[in-house]
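Good morning, everyone. Please take a look at the structure on the screen, and keep it in view while I talk.

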Amino acid sequence: MVTKEVLNIEKDLEELISKLDDKETENIVKEFYKSVAKFNNYSFNNIWLLTTQAKQRGINLSYVASFKEWSQMEVMVNKGRKALNIFAPKQNYEIKRDEENKPILIDGKYQYVLDENNQKIKTSVSFLLVPVFDASQTNALENGKIKMLSYRNQDETISVEMLDDLYKEVESKYNIKIEEKKLEPNLGGYYQKN
């Protein structure tokens, strides 16, 4: 006996399969993964949040990092640039309290309850808005910390560290040497056998 639920599942599966072959679905998936590749392991919600903010401001996102991360890369955020925001987790810990249930402070710092391993006891996680900047809001391209990667008539930015890691991975896996040099505009790259 075939139930109504089974028929509905079969109908939903057929619809899903037809959508998988749909060109529009393919384009949506490609755009999503193109966006995901530009971010430092951000959650789906943060990617959506960044994309929405960038669209409102007319920014074409390429490579996003916090002010601190840019500074560590020796990159300066251009003066007057307004940050984009993402949500970052903040771990909360159990605070010691006195008889009146007021937090105990020593030298203006909260005192935390410790477990048997002398570690602070975790209570909850909250989320804070944290400012981040796109490469287009910095001098990363000018100082060579971010490079333009051209392929199939498309330009994308990539950090020098990420590009170096990619080169090393390909060189190691395929036992080849990769080097950069200026080529004719219509030549995206070439392979030369030794």
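Let's start with one definition. A residue is called buried under 20% relative accessible area, exposed over 50%, and partly exposed in between. Now apply that to Val-125. Its relative accessibility is 44%, so Val-125 counts as partly exposed. Keep that rule in mind; it comes back several times.

One caution before we go on. This is a predicted model.

Now the overview. The protein has five helices and seven strands. Read from the N terminus, the order is α-α-α-β-α-β-β-β-β-β-β-α. How much of the protein is buried? Of its 194 residues, 20% are buried.

Back to Val-125. This residue sits in strand S5. Which strand gives the most to the nonpolar patch? That is strand S5, residues 122-134, with three residues.

Next, a patch of another kind. On the surface, Glu-161, Asp-164, Asp-165 and Glu-169 gather in a patch of negative charge. Take Glu-169 from that group. Helix H5, residues 160-174, is where Glu-169 lies. Is Glu-169 buried or exposed? Its relative accessibility is 54%, so Glu-169 counts as exposed. The cut-off for exposed is over 50%.

On to charges that pair up. Side chains of opposite charge can pair when their charged atoms come close. How many salt bridges are there here? The count comes to one. The partners are Lys-102 and Glu-100. Their closest N and O atoms are 3.5 Å apart. Check both partners against our rule. Lys-102 has 47% relative accessibility, so Lys-102 counts as partly exposed. Glu-100 has a relative accessible area of 58%, and is therefore exposed.

Now the rings. Two values describe a pair of aromatic rings: the distance of the centres and the angle of the planes. This structure holds three aromatic pairs. I will show you two of them, starting with Tyr-63 and Trp-70. Their centres are 5.6 Å apart, with 65° between the planes. That pair is edge-to-face. Both Tyr-63 and Trp-70 are buried.

The other pair I picked is Tyr-93 and Tyr-112. Here the centres lie 5.9 Å apart and the planes stand at 75°, so this pair is edge-to-face too. What about cover? Tyr-93 has 26% relative accessibility, so Tyr-93 counts as partly exposed. Tyr-112, at 27%, counts as partly exposed as well.

One last stop: Trp-70 again. Find helix H4, residues 67-72; Trp-70 is there. Why is Trp-70 called buried? Because its relative accessible area is 0%, and the cut-off for buried is under 20%. Now look across to Thr-138. In sequence, Trp-70 and Thr-138 are 68 residues apart. In space, the two are 8.4 Å apart, C-alpha to C-alpha.

That's my tour. Thank you.

Technical notes
Residues are numbered from 1 along each chain as its sequence is written. This is a predicted model: local features need pLDDT of at least 70, side-chain atom pairs count only at pLDDT 80 or more; totals for chains, interfaces and linings use all residues. Side-chain values use heavy atoms; hydrogens and water are left out. Patches are made of residues with over 30% relative accessible area and no salt bridge: like charges are joined within 9 Å, nonpolar side chains (Val, Leu, Ile, Met, Phe, Trp, Tyr) within 5 Å. Accessible areas come from the Shrake-Rupley method with a 1.4 Å probe; for residues, only the protein chains shown count as cover. A salt bridge is a side-chain nitrogen of Lys or Arg within 4 Å of a carboxyl oxygen of Asp or Glu. Lys and Arg count as positive and Asp and Glu as negative; His and the chain ends are not counted. The place of a charge is taken as NZ of Lys, CZ of Arg, CG of Asp or CD of Glu. Helices (H or I, at least four residues) and strands (E, at least two) are DSSP runs, numbered from the N terminus. Buried means under 20% relative accessible area, exposed over 50%, partly exposed in between (1.4 Å probe, protein chains only). Rings of Phe, Tyr and Trp (its six-membered ring) pair if their centres lie within 6.5 Å; planes under 30 degrees apart count as stacked, over 60 as edge-to-face and the rest as tilted.
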